[in-house]
Amino acid sequence: MRSGGRGRPRLRLGDRGLLEPPSPRKRRLLPRVQPLPLLLLALAVGTALLIFWGGWRRWNEELARGREHRAQLIGSLPEAKLRMVVGQLDPQRLWGTFLRPLLIVRTPGSPGNLQVRKFLEATLRALTAGWHVELDPFTASTPLGPVDFGNVVATLDPGASRHLTLACHYDSKLFPPESATFVGATDSAVPCALLLELAQALDLMLSKAKQQAAPVTLQLLFLDGEEALKEWGPKDSLYGSRHLAQLMEAIPHSPGPTRIQAIELFVLLDLLGAPNPTFYSHFPQTIRWFHRLRSIGVPVVHLIATPFPPVWHTPADTEANLHPPTVHNLSRILAVFLAEYLGL
């Protein structure tokens, strides 16, 4: 229904019931219904709807209060703990072990895409913390015909009631065969490598949090098919995120109705790694976390450089044009953020 279209539409000149003769009275074909049973039925339905609506409203209010309570509890790390968290990061490991294997053509359905997907799965499964790693494979219709996609979903503790979800896309943009090779270093190999480095660097701390059954756990999403295969539009883009959202919306999760409601905060990383990035807050609901990330060290909860890097969607989006100090600073900021948010 369009905005402002609540209720029944207004009658206009010529509509039935206005400046038209009434229809002739018709014979009753069914016997007259007794009003008492109808009244009781309406009362029962109304009561059920009221109970359902009241429960749904209370659940949302409790969730909001829980988030506000957590916001009040989360504070800055003591300096010694901050240094310890940052000390777990390894810039060489981030670059050599996690980033370089991603710097290949990885368009959806390609051998490179499958290679990267298997690399992500294997890396996450090898962590000491014992992540629950799921593959979400599917085939979707595209302007190029049916294409195979696959999301990788890693949840530290599937039994936790709420999730801090960090996400990025791992596919690279498709260009015509005659074009120069495009590996998408900022878009989005670096975000993927950052998530892998964070999971590895904080492995023991995350393992301890899992053993203590923390109410909020970490979840990592590596999404396929973010890029358009022909021309960006609602049906030719975001294949992986659209499919996963529908799937998560249908899977029950306690205490909220589905897994998508379990996401307490969603942080999307994209177009990272170029020098001198600028970040803006895009969503009023997450302004507090934007300011927290900003106070840690970077102006940020859609972590995407704005304007886009100059190399965006060009063959120049390569390792050579990345800025290692920026990448390493982002890893430090995100590590501190995770330690604070999850109480590691």
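Predicted model: local features only at pLDDT ≥ 70, side-chain atom pairs only at ≥ 80, totals over all residues.
## Around Trp 131

Leaving aside residues up to four places away in sequence, Trp 131 touches Leu 124, Ala 154, Thr 155, Leu 156, Ala 199, Leu 206, Leu 218 and Leu 220.

Trp 131 also belongs to the largest nonpolar core, a group of 64 residues. Along with Leu 164, Leu 220 and Phe 222, Trp 131 is among the residues with the most contacts inside that core. There's a second, separate core too, made of seven residues, and Val 153, Ala 167, Leu 244 and Met 248 are among them.

Next up is strand S3, which covers residues 162-169. Seven of its eight residues are buried, so S3 is largely enclosed by the rest of the structure.

S3 pairs with two strands mentioned here. With S4 (residues 216-223), the pairing is parallel and runs over eight bridges; Leu 166 stands opposite Leu 220 of S4, and that Leu 220 is one of the residues Trp 131 touches. With S5, the pairing is again parallel, over five bridges. Here Ala 167 sits opposite Leu 268 of S5, and Ala 167 is also one of the residues in the second core.

Is Glu 264 buried or exposed? Glu 264 is buried, because its relative accessible area is 9%, below the 20% cut-off. Its side chain makes a polar contact with the side chain of Tyr 341, at 2.6 Å.

Notes. Residues numbered from 1 in each chain as written. Heavy atoms only, no water. Buried < 20%, exposed > 50% of the residue type's maximum accessible area, 1.4 Å probe, protein only. Polar contact = N/O pair within 3.5 Å; in protein donor to acceptor, adjacent residues only side chain to side chain. Helix = DSSP H or I, 4+ residues; strand = E, 2+ residues; numbered from the N terminus. Pairing = 2+ DSSP bridges. Core = buried A, V, L, I, M, F, W, Y, C linked by side-chain atoms within 4.5 Å. Contact = heavy atoms within 4.5 Å.
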